[in-house]
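Let's take a walk through a protein model together. Have a look at the structure below, and then we'll go through its parts one by one.

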Amino acid sequence: MKAVIALPAGLLNGSTVPINLLVIDKTEKSENAFFIDASTQAFVEPRRERRSSRNRLINTSEILELFKLRTATTKSRFITLQECEESDYDLLVSKFFLSIEEENIEVTLAKSKTTPLSDLATIIR
């Protein structure tokens with residue numbers, strides 16, 4: 001398996017199921033796979049804006065560029081065979097990337113001074 005690309009939901013008529021593309025190269029064996037998260041709002045034009053029955057995929061050139069360059073970004077990364085095994089071979093891209101909400105929390109926490117809970121209270125187990 002060369003790559004897994006997660007696409008937004010609603011690209012097919014009458015379906016809101018998200019699509020995952022598996023890119024398989026039988027000639028090249030690899031110990032890792034390249035995961036691309038193209039399921040965010042940056043890659044979809046909602047159907048309500050066009051009065052259509054399905055969403056439309058946009059910014060496809062960015063998806064292709066990520067695939068060609070194969071460099072880790074906030075939208076792409078390599079997953080090792082061991083990480084796949086640890087997730088019971090579940091290839092959902094969302095398992096390996098933070099959601100927008102989680103990213104916002106991390107940014108906020110990075111900007112804020114935090115204190116470990118053990119410094120504030122006694123933990124009884």
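## An isoleucine out in the open

Ile24 sits in the loop between E2 and E3. Here, helices (H or I, at least four residues) and strands (E, at least two) are DSSP runs, numbered from the N terminus. Ile24 counts as exposed because its relative accessibility is 60%; buried means under 20% relative accessible area, exposed over 50%, and partly exposed in between (1.4 Å probe, protein chains only).

Together with Met1 and Leu22, Ile24 makes a nonpolar surface patch of about 290 Å². Patches like this are made of residues with over 30% relative accessible area and no salt bridge, with like charges joined within 9 Å and nonpolar side chains (Val, Leu, Ile, Met, Phe, Trp, Tyr) within 5 Å. A salt bridge is a side-chain nitrogen of Lys or Arg within 4 Å of a carboxyl oxygen of Asp or Glu, and accessible areas come from the Shrake-Rupley method with a 1.4 Å probe, where for residues only the protein chains shown count as cover.

## What you're looking at

This is a predicted model, so local features need pLDDT of at least 70 and side-chain atom pairs count only at pLDDT 80 or more, while totals for chains, interfaces and linings use all residues. Residues are numbered from 1 along each chain as its sequence is written, and side-chain values use heavy atoms, leaving out hydrogens and water.

## The sheet

Now for the sheet: 4 strands form an open one, in the order E2-E1-E3-E6, with mixed pairing. Two strands pair if DSSP finds at least two bridges between them. Strand E2 (19-23) and strand E6 (76-80) are at the edges with a single partner strand each, so one side of each has no neighbour in the sheet. From one strand to the next, the twist averages 20°.

Strand E3 (residues 32-37) runs antiparallel to E6, joined by 5 bridges. Asn32 stands opposite Thr80 in E6, and Ala33 faces Ile79 there. E1 and E3 run parallel and are joined by 4 bridges; Val4 has Phe35 in E3 as its bridge partner. Since 5 of the 6 residues of E3 are buried, E3 is largely enclosed by the rest of the structure.

## Another isoleucine

Ile58 lies in the loop between strand E5 (56-57) and H1. Is Ile58 buried, exposed or partly exposed? At 28% relative accessibility, Ile58 is partly exposed. Leaving aside residues up to four places away in sequence, Ile58 touches Ala42, Phe43, Val44 and Glu45, where contact means heavy atoms within 4.5 Å.

Note on methods: Axes fitted to C-alpha atoms, helices over the stretch in contact; angles between N-to-C directions.
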